[in-house]
There are 2 protein chains.
Amino acid sequence: MRGTTIAEVAAEAGVGVGTVSRVLNGSPSVSEDTRRRVLAAIATLDYQPSATARALSTGRTHAVGVIAPFFTHSSVIERVRGISRALAGAGYQLILLDVERPEQRAEAFRSLGVRGRIDGLLSISLAPTDRELRRLQQTGVPIVLIDRAHDSLPSITIDDVEGGRMAAEHLLDLGHRRIAFLGDEEENRFGFDSSAHRREGFVAALDAAGVPVLPEWILRRPHGRDAARDAATGMLAGTERPTAVFASSDVQAIGVLEAAQAAQVTVPEELSVIGFDNVEAAELTGLTTVAQPLEEIGALGADMLLRALSGEAVESRRMPLAVVERASTAPPVLAGRR
Amino acid sequence: MRGTTIAEVAAEAGVGVGTVSRVLNGSPSVSEDTRRRVLAAIATLDYQPSATARALSTGRTHAVGVIAPFFTHSSVIERVRGISRALAGAGYQLILLDVERPEQRAEAFRSLGVRGRIDGLLSISLAPTDRELRRLQQTGVPIVLIDRAHDSLPSITIDDVEGGRMAAEHLLDLGHRRIAFLGDEEENRFGFDSSAHRREGFVAALDAAGVPVLPEWILRRPHGRDAARDAATGMLAGTERPTAVFASSDVQAIGVLEAAQAAQVTVPEELSVIGFDNVEAAELTGLTTVAQPLEEIGALGADMLLRALSGEAVESRRMPLAVVERASTAPPVLAGRR
DNA sequence: TTGAAAGCGATACCAG
DNA sequence: CTGGTATCGCTTTCAA
């Protein structure tokens with residue numbers, strides 16, 4: 001790390017370091033003449049200020065940490081993309097922490113807790129424990145939660161219960177009465193609870209419509225296409241088969257689509273499938289889904305953090321959902337009655 | 001940024017700051033007794049050292065910059081994932097720079113050129129200009145290129161020409177003689193050249209086999225599923241239709257699959273399609289493809305950089321390719337001759 | 001083994 | 001408007 005320093009620039013320009021710093025930071029109190037001389041010196045020496053030194057001196061790193069569990073999941077990617085856009089636009093760097101295993105969760109919060117690494121923290125789907133939170137607050141790092149609510153932290157979320165309800169109502173409106181649910185395991189070491197909430201809204205809507213909810217048609221599996229496909233395969237092999245399935249994520253819905261295809265069950269004639277999220281793959285597979293504005297959520301979350309960074313008080317926000325109809329849902333054919 | 005400082009810990013433990021620092025860094029020359037006292041003080045004060053101060057003092061940030069163009073493309077994601085894994089394992093932070101537009105390319109290299117931000121740089125598919133390179137080298141930041149070769153920089157690449165050849169040979173072996181190519185525009189402002197190389201290998205293999213290469217069946221379009229679908233739609237509507245298509249990326253191959261479906265052209269009976277990369281969506285759609293080990297490439301690239309960081313000389317590497325056969329390719333039905 | 005002090009490279013206050 | 005200097009929080013000699 002040789003690199004030219006501000007002192008060398010000052011010497012070259014024949015001024016004090018303070019003056020160079022002022023030029024660097026666009027202070028108005030520098031004579032036009034001096035400014036030009038300093039700028040010239042900077043150019044000849046090809047000088048670039050040290051971000052570290054500046055950070056130590058100002059107490060701001062201009063970096064934001066982003067905790068992203070299952071970073072390769074499209075829903076996460078799309079949110080990170082929004083974050084990246086907003087951050088870059090504001091001149092902040094994005095420090096990415098991928099969390100795949102529960103141990104990494106703690107590690108991520110710890111490593112970012114280190115003072116002086118980041119100015120703020122964005123956490124996707126994951127909340128800090130009270131202890132971690134205390135530590136983070138102690139270092140004065142503002143936090144904004146994305147896709148996760150919290151008592152004392154601002155967050156940007158969707159109403160998962162309502163989303164589940166919307167999915168159920170879409171199917172009910174089409175005339176379905178034999179509807180299954182396929183979601184994540186609700187006991188998970190990350191504390192994810194979206195799937196459980198979506199299930200609640202879904203069940204509540206069926207109940208309200210007087211449609212029976214069969215326990216064997218409420219499936220909970222580890223998140224992923226394969227597990228979803230296997231579960232759906234089993235369900236489609238039964239004598240009593242649902243006419244529609246609500247999967248609590250697009251990834252799982254695609255697993256259901258695969259199972260249907262393998263079992264020669266036509267979609268949407270014999271089976272309607274609705275997912276959740278509206279990731280790119282949903283469009284690719286023609287999947288009807290409850291859409292949440294993923295990228296926008298990321299961008300808004302970053303904006304909220306940036307505002308918190310500049311001292312503003314920020315309020316939690318809730319983003320709207322909408323059913324996007326594609327080719328995977330239709331009225332039931334009622335094969336059973338034929 | 002209040003936070004406890006090393007001085008307070010030293011006071012609490014009744015030792016000098018130097019000693020605390022030694023304990024922090026596991027120096028052997030600290031008596032067991034002193035070490036315990038310091039550790040106790042650290043615990044009571046819940047002290048966390050400042051990463052910035054440490055970085056300024058040691059000249060190492062323990063952060064690596066990753067330039068990722070089109071970060072949402074699965075091929076990039078999968079590589080970033082490998083990078084993230086390798087970096088986290090080594091205690092390095094990953095600073096992500098998404099580049100979507102050509103202007104951002106320069107901006108990315110510039111912002112990371114700032115001294116003191118990162119210890120090393122990983123660039124995916126993008127190479128620095130000579131000028132940018134000089135600047136980066138001047139600050140002593142080692143660089144490793146992923147998916148891009150360079151005269152004076154270590155890189156980890158695949159042989160795109162060979163990959164194109166493999167795709168062609170797979171189709172030739174199946175008996176196809178009427179084969180089209182669909183790839184990226186070769187004049188692009190990022191200087192991406194994989195698609196061009198894949199095309200070269202493809203054409204060379206056809207030439208070698210004495211199979212005619214029709215200019216109207218060499219399609220170059222902006223990268224993306226939609227453009228690929230549109231191009232394929234046009235081609236499939238022609239009177240003379242190919243029996244097979246090699247798309248230079250899985251994303252484009254999927255566009256071709258969609259066009260075929262819309263045009264009622266059955267795959268693989270009436271049209272074989274082979275892609276490139278083997279991203280997750282290829283498996284999802286049953287696409288035959290030339291596979292490159294994306295995640296592994298990312299991880300190895302990060303390893304190379306880490307080694308360079310520790311002063312080792314690193315050699316460029318080239319990773320192997322393999323055709324993964326799925327459901328989208330088969331011998332031609334030769335409908336034309338019937 | 002340990003304390004004291006000199007950097008690391010900026011910013012920002014205080015005089016002038 | 002500008003120069004000098006203390007300061008940020010740590011690491012790393014240098015003596016003791």
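1. Basis. This is a predicted model, in which local features need pLDDT of at least 70, side-chain atom pairs count only at pLDDT 80 or more, and totals for chains, interfaces and linings use all residues. Residues are numbered from 1 along each chain as its sequence is written, while chains are lettered from A and ligands numbered from 1 in the order in which they are written.

2. Relation of the chains. Chain A superposes on chain B by a rotation of 180° with 0.0 Å of shift along the axis, at an RMSD of 0.1 Å (least squares on the C-alpha atoms of residues with pLDDT of at least 70 in both copies). That is the relation of a two-fold axis. In chain A, the C-alpha of A:Ile95 is nearest the axis, 2.2 Å from it. Of the interface residues of chain A, 100% are also interface residues in chain B, so the copies meet through the same surface.

3. DNA strands. A residue is near a strand if its C-beta atom, placed from the backbone, lies within 6 Å of it. DNA strand D is surrounded by 27 residues, the closest being A:Gly16, A:Gly18, B:Ile6, B:Ser21 and B:Ala53. Around DNA strand C there are also 27 residues, and A:Ser21, A:Ala53, B:Gly16, B:Gly18 and B:Thr34 come nearest. Helix 2 and helix 4 of both chain A and chain B each supply at least two residues of the surface near DNA strand C; helix 4 of chain A gives the most, with five residues. Helices here are DSSP runs (H or I, at least four residues), as are strands (E, at least two), numbered from the N terminus.

4. Nonpolar cores. A nonpolar core is a set of buried Ala, Val, Leu, Ile, Met, Phe, Trp, Tyr and Cys residues joined through C-beta atoms within 7 Å. Buried means 20 or more other C-beta atoms within 10 Å of the residue's own, exposed 12 or fewer, and partly exposed in between, with C-beta atoms placed from the backbone. The largest core has 91 residues, and A:Val64, A:Val66, B:Val64 and B:Val66 have the most contacts inside it. Apart from it lies another core, of 82 residues, among them A:Leu219, A:Val245, B:Ala180 and B:Phe202. Leaving aside neighbours within four places in sequence, A:Val66 is in contact (C-beta atoms within 7 Å) with residues including A:Val80, A:Ile83 and A:Leu122.

5. Helix 11 of chain B. This helix covers residues 250-262 and reaches 18 Å from its first C-alpha to its last, close to the 18 Å expected at 1.5 Å a residue (1.5 Å times one less than the number of residues). Eleven of its 13 residues are buried, including B:Asp250, B:Gln252 and B:Glu258.

6. Backbone points to check. The peptide bond from A:Val267 to A:Pro268 is cis, with omega near 5°, and A:Pro268 is in the loop between helix 11 and strand 9 of chain A. The bond from B:Val267 to B:Pro268 is cis, again with omega near 5°. A:Ser125 is not a glycine, yet has a positive phi of about 60°; it is buried, with 22 other C-beta atoms within 10 Å. B:His62, in the loop between helix 4 and strand 1 of chain B, has a positive phi near 60°. B:His62 counts as partly exposed, with 19 C-beta neighbours inside 10 Å.

How values were computed. Two residues are in contact if their C-beta atoms, placed from the backbone, lie within 7 Å.
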